[in-house]
Each structure stands twice: as structure tokens, then as C-alpha cells.
Amino acid sequence: MAPPLRKLDFDTVALVLQGGGALGAYQAGVVEGLVAAGIEPHWVAGISIGAINTALIAGNPIETRVQRLREFWQTICQPAAYLPPVEALQHALELAGTDARKAFSGFEAWRAIFEGQRAFFVPRGLTPWLGGKQGVAQASFYDTAQLQSTLERFVDFDRINHGPMRVSVGAVNVRSGNLEYFDNTTGRACKALRAAHFMASGALPPGFPAVEIDGEYFWDGGLVSNTPLNIVLDATPRRDTLAFQVDLWSARGPLPENVYDAEERRKDIQFSSRTRAVTDMMAREQRYRRLLREVLAQVSPQRRADDLWCLRAQELACARQVAVIHLIYQDKPWEGLAKDYEFSAQTMHEHWASGLHDIGITLAQDDWLRRPPPGVEFVTHDQHRAAGAAQRGRGR
């Protein structure tokens, strides 16, 4: 039974999903919380693993969405080679300390590298290491052909193309280097999205191969921007928008103490900074649009109708309101630089539980789901930031 849908005071409710490999189970937990609260997004946009989750969300009705997400993640979070003693050990880890968990996580990441993940990707063997001309579609360490049948098993692409939800996923054209969004409502992918478009968004080189679409080859959109927030907020006509931005990398973190820590921080900063930059840019832009609208209100109607610059300004001016709710995955003490390719079932469940926990706390802030006060164009909310501010306040 689907929960009763909740009507929010916004023209558009968007769900924006960042890339981050195995961390994507956190997004699935967030989706479970949204479904339980009866919040159905009008628009879902994703990059990389966020694009894969986008397919599962838009390709299933709300009644079965969480179940399909769970089945998908349970499927791919199995190693290619099953080792019963090792799989049974995962349950004992709930009682183990941080050091034991860190060692097991490293072992599971090693298995993903050397074995692959079931129904997702498998290593190509020695061939990529030998160089030579392999072709753009084979120039990778892993083969992801299995992922197509996995997606077709769990996703209704007819529903994506003809359903009520707008869908956008970003990928980079290998030849031009340009970021392109495949959208079910516009452009060359209009009503024609298929598994290849979502696989292209997650084709991170040199691990995964480029995906061919209409004679062009595409890689992971995260190479250019790891968040598709800008495509949602740049859309016209400009509407009052509530965006749930689900990030898998936190810009804040401790100083590294060794080269492994340094590599982990590099990835955190690289893949999270675009979210910060895009959010700040969109907030400034909306303030300028509001400012332009107020200035135009001081101009006579006749002048606004006759003057070319006024006409151009009216195309840019608007007073819409935007609220962005950030949900940012927080690293566990035992995680390291392999967190985005550590696909063990135990870790997947913990990521999922973290997402469900964070969206629960977020939705409890009822005022965050309301339109901003009059005169406020752009607001951001983050339950981790709010908790930190409250703790600092008590410290005073």
C-alpha cells in the first residue's frame, strides 16, 4: 500500500543524487524515508551511481520502489565468487571493534578489485595492462555488460519515458569533453531513455568502459560535475523549488596523517566541492534575479514594453523561491579511501540505515519543508550543520 502523498508548498519537488559508487546505498535509505513520508518528487536528477538510483526510483511506482531498490542493492553487493565463511563473518562484525571492521572492509574492497561484483562488473584480466589498441568500448579494467541486464530486470523503462516523473542523468562526451544531460522530456533522449544512458552516467574511467549512444561515447558525468543541481535550478520556466540534494562526499574532514588518508581527502574534496560551488552560485544568481525584478518594478510600464534592455531584463528577472535540503553522508570511523568501491552486504545495510536515519531527522524539521519567508529567495538546510550549530551554542 502506498502512503498518502503529501502536498508541499512548492511548484517543483526535486531529488538530486550525487555520484559515489558503493556509498549510493545511502541514497536508497533517503528514498525509503521519503516514500514513508508520502513525498513524491516531480523530478529526479542523478550522476554516476546517483543515475543508477534515479533509474530505480523513476522506473518503479511508489508502492514497490523501496523493494526494488533493496533487491538491486542486495544483488550487486555480492562478490563474483561466493565464500561462505567470509559471508557468514559479516554478521559477527556487528560486535567487532573499529580495527577489525577496518580490516574486513579493506578485504572486501580488495575482493571487489580482483573479483568484481555480481551482476555489475567483472575484471577483464591482463589485457588492459598490456596496452595496445583495445578500442574505446574495451579500454577499461572492468566489463560492465552485466549491468545492462540487471537494470532491465529491476527498472521499467517505459515508465521512465512515459511516466509522470521528470528524469535527467548527466554524462560526459568522450570526444568533446562536454557534460550532456539525457532527459525524458527534452533533447535527443526525450521519451527514449534506456539502460545505456544510465550506464553512461556511471562509466568512470579507467575502471569502467565508455558507453556508446547514438554513435558517440560517454563517460561518468562526475568527471565534470558530480551534482546535477544546476540543471534543476536552471530550468525554465523558473518555479518555486524544493530540492533534496543527497551527497555522498563530505567537504569537511580531518587532516590526513598518511598518503592513504590524503587520497581519501582528495576524493572527498574533489567530488563534494562542486556541490558547494553550484549551491553558492545558484543562490547568488537568484538574488540577482530578484534584484532585477525589483528594479524593473520602478520603471514605467510603457518603458518596460518599448525598451530593448528592459525586455531582455524581464526575461531574466523573477522572484521565485528555492529551498535546498542537504543530506550529506558522514564517514564511519572504519572507512577509508576504498569506501566508494567497498560493496559488502554489511556495509551496504549500514549506508542504507544512515540515509534512513538522516532523512528522518530532516523531515522532523517541518519548517524546512515550507516555502521561505517573503523576501527570501534562496535557503539551504542541513541537519548535520544545524546539529553542530546547536552544540556550539550550548558550549557558550
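User: What share of the contacts in the chain join residues at least 24 apart, among those between residues at least 6 apart in sequence?

Analyst: First the term: a contact means heavy atoms within 4.5 Å. Among contacts between residues at least 6 apart in sequence, 75% join residues at least 24 apart. Keep in mind that this is a predicted model, where local features need pLDDT of at least 70, side-chain atom pairs count only at pLDDT 80 or more, and totals for chains, interfaces and linings use all residues. Residues are numbered from 1 along each chain as its sequence is written, and side-chain values use heavy atoms, with hydrogens and water left out.

User: How many helices and strands does the chain have?

Analyst: Helices (H or I, at least four residues) and strands (E, at least two) are DSSP runs, numbered from the N terminus. Here there are 14 helices and eleven strands. The radius of gyration is 22 Å, close to the 21 Å from the globule rule for 396 residues, so the chain is as compact as a globular protein of that length. That radius is taken over C-alpha atoms, and the rule is 2.2 Å times the number of residues to the power 0.38. The C-alpha trace spans about 80 × 60 × 50 Å along its principal axes.

User: What percentage of the residues count as buried?

Analyst: Buried means under 20% relative accessible area, exposed over 50%, partly exposed in between (1.4 Å probe, protein chains only). Of the 396 residues, 49% count as buried. Helix α2 (residues 49-58) is a clear case: ten of its ten residues are buried, so the helix is largely enclosed by the rest of the structure. Among them are I49, N53, T54 and I57.

User: Where is P61, and is P61 buried or partly exposed?

Analyst: P61 sits in the loop between α2 and α3 (65-76). At 25% relative accessibility, P61 is partly exposed. Now check the fold around that loop. P61 and D156 are 95 residues apart along the chain, yet their C-alpha atoms are separated by 9.4 Å. For an exposed residue, take P4, at 71% relative accessible area. P4 belongs to the segment before β1 (12-17).

User: Which residues does H326 contact, leaving aside neighbours within four places in sequence?

Analyst: Start with the location. H326 is in strand β10 (residues 322-328) and is buried, with a relative accessible area of 9%. The contacts of H326 are Q245, D247, T275, T279, T380, H381, D382 and Q383. Compare R289, in helix α10 (residues 259-296). R289 also counts as buried, at 11% relative accessibility. Not counting residues up to four places away, R289 touches R238, L316, A317 and C318.

User: How do I read strand pairing, and which strands pair with β8?

Analyst: Two strands pair if DSSP finds at least two bridges between them. Strand β8 (residues 216-220) pairs with strand β5 (residues 166-173) in the antiparallel sense over three bridges.

User: Where are the cis peptide bonds joining P205 to P206 and T236 to P237?

Analyst: Read omega. For the bond joining P205 and P206, omega is about -5°. P206 lies in the loop between α8 (195-201) and β7. For the bond joining T236 and P237, omega is about -5°. P237 is in the loop between α9 (229-233) and β9 (241-247).
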